[in-house]
Amino acid sequence: MSFFQVPVPEVSLALVAWYKENARDLPWRKDVTPYRVWVSEIMLQQTRVEAVKPYFARFLQALPDVQSLAAADDDFLHKLWEGLGYYSRVRNMKKCAVRLVEDFGGVMPSDPAVLKTLPGIGSYTAGAVASIAFGVPAPAVDGNVLRVLSRLYNSHADIAQNAVKKQAEETVLQMIPQTDVSAFTQSLFELGATVCLPGGDVKCENCPVAAWCLAKQNGTAAVLPYHSAKPARKREEHTVFLLRENGRFILRKRPEKGLLAGLWEFPNAGGHLNEKQAIDFARNLGFEPLRVRALPAAVHIFTHKEWHMIGYLLDGTTENPACVTADAKELQSVYALPSAFAVYRDIALGEQTI
Ligand code: SF4
């Protein structure tokens with residue numbers, strides 16, 4: 001079954017010409033190297049361009065090459081990534097860097113099939129690195145590209161289906177021109193990010209391929225692409241504890257596997273605990289509370305679940321000499337806490353009224 005047709009060559013030429021005139025000035029588009037392209041593409045997954053810019057600059061300054069990334073300490077990496085979310089991305093980057101150093105002399109391969117064998121590099125990232133950094137014809141199909149293709153061909157196929165994504169890759173591969181491979185790949189990203197925007201924000205009047213676009217002709221751009229409904233997110237309740245002794249807060253490390261693996265967190269328990277249960281919880285951790293105060297509720301949305309949190313600030317003393325504690329300065333500069341705890345971290349930092 002054919003979801004997309006292969007566009008005429010004029011479409012690719014129009015996209016490249018438009019990109020060369022209209023490309024945004026982005027940090028990773030200067031001094032293009034495989035490492036810089038790779039870092040930017042991993043950061044840009046699930047994160048907006050404007051949010052990525054300061055992270056990209058800081059990451060490249062701290063870890064300028066594959067070798068420095070391979071040798072980086074995990075806590076330092078988490079701190080560099082703090083706020084970007086999806087921390088498994090940066091842990092996989094380190095694993096990949098170690099493989100590159102051990103098996104590839106610290107050099108990224110240009111073959112997308114080889115890139116795909118490395119930790120954390122899937123079909124999209126392999127295509128992006130191979131085509132943007134090396135000029136190798138390889139498709140890089142993300143949500144933006146699926147939207148553009150669905151509209152160009154007025155396709156109502158479900159872009160959540162692997163078969164549709166696979167066919168989109170084949171279509172893009174056939175669209176790649178002989179020259180300007182890098183510009184072509186980026187032109188599709190750029191069109192999706194600045195012109196062929198989701199829903200009714202689409203700007204067909206500025207589009208270089210409007211003359212060939214079937215969604216424009218059919219008036220269906222705003223309702224494409226079609227994406228089958230995602231399953232509802234699971235709701236979970238948690239109680240978060242700021243256990244404070246002499247201005248220092250108790251932290252603990254999350255398990256090495258699972259959600260937010262290996263990151264620091266404030267102690268927390270499943271369910272919404274009442275004050276008595278909260279005191280019992282603290283005592284079980286070896287913390288003797290002298291004063292308890294309820295904190296504001298907070299919600300954090302993950303891809304597949306929602307955390308509905310309440311919190312307590314407990315002042316007291318700890319009898320556990322092995323526990324890790326941090327003052328406000330260390331919470332800012334040393335320990336990476338996932339953004340799920342941002343509300344409680346801000347309270348701990350004294351940035352919100354308790
Ligand atoms: Fe997207 Fe409109 Fe361009 Fe078609 S004409 S590709 S819908 S921006």
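The conversation below sets values against definitions.

Guide: This is a predicted model, in which local features need pLDDT of at least 70 and side-chain atom pairs count only at pLDDT 80 or more, while totals for chains, interfaces and linings use all residues. Residues are numbered from 1 along each chain as its sequence is written, and side-chain values use heavy atoms, with hydrogens and water left out.

Visitor: How do you know how many helices and strands the protein has?

Guide: Helices (H or I, at least four residues) and strands (E, at least two) are DSSP runs, numbered from the N terminus. On that basis the protein has 15 helices and seven strands.

Visitor: Why is helix 8 described as largely enclosed by the rest of the structure?

Guide: Buried means under 20% relative accessible area, exposed over 50%, and partly exposed in between (1.4 Å probe, protein chains only). Nine of the 12 residues of helix 8 are buried, so the helix is largely enclosed. Among these buried residues are Y124, G127 and I132. They pack against helix 2 (34-44), helix 7 (112-115) and helix 11 (181-194).

Visitor: What makes the length of helix 8 close to the expected value?

Guide: The expected span is 1.5 Å times one less than the number of residues. Helix 8 (residues 123-134) reaches 16 Å from its first C-alpha to its last, close to the 16 Å expected.

Visitor: What makes helix 2 mostly covered?

Guide: In helix 2, nine of the 11 residues are buried, including W38 and E41. The elements covering its buried residues include helix 3 (49-62), helix 6 (88-104) and helix 8.

Visitor: What does A222 touch?

Guide: Contact means heavy atoms within 4.5 Å. Not counting residues up to four places away in sequence, A222 touches R151, G199 and G200.

Visitor: What makes the phi values of L260 and D180 worth noting?

Guide: Most residues other than glycine have a negative phi, and most peptide bonds are trans. L260 has a positive phi of about 55° although it is not a glycine. D180 likewise has a positive phi, near 60°. In the loop between helix 12 and strand 1, where P225 is found, the peptide bond from L224 to P225 is cis, with omega near 5°.

Visitor: How do you know which residues are around the ligand?

Guide: A residue is near a molecule if one of its heavy atoms lies within 4 Å of it. The residues around the ligand include R151, C196, C204, C207, C213 and K216.

Visitor: What makes up the shell around the ligand by class?

Guide: Ala, Val, Leu, Ile, Met, Phe, Trp, Tyr, Cys and Pro count as nonpolar, Asp, Glu, Lys and Arg as charged, and the others, Gly among them, as polar. The shell accordingly has eight nonpolar, no polar and two charged residues.
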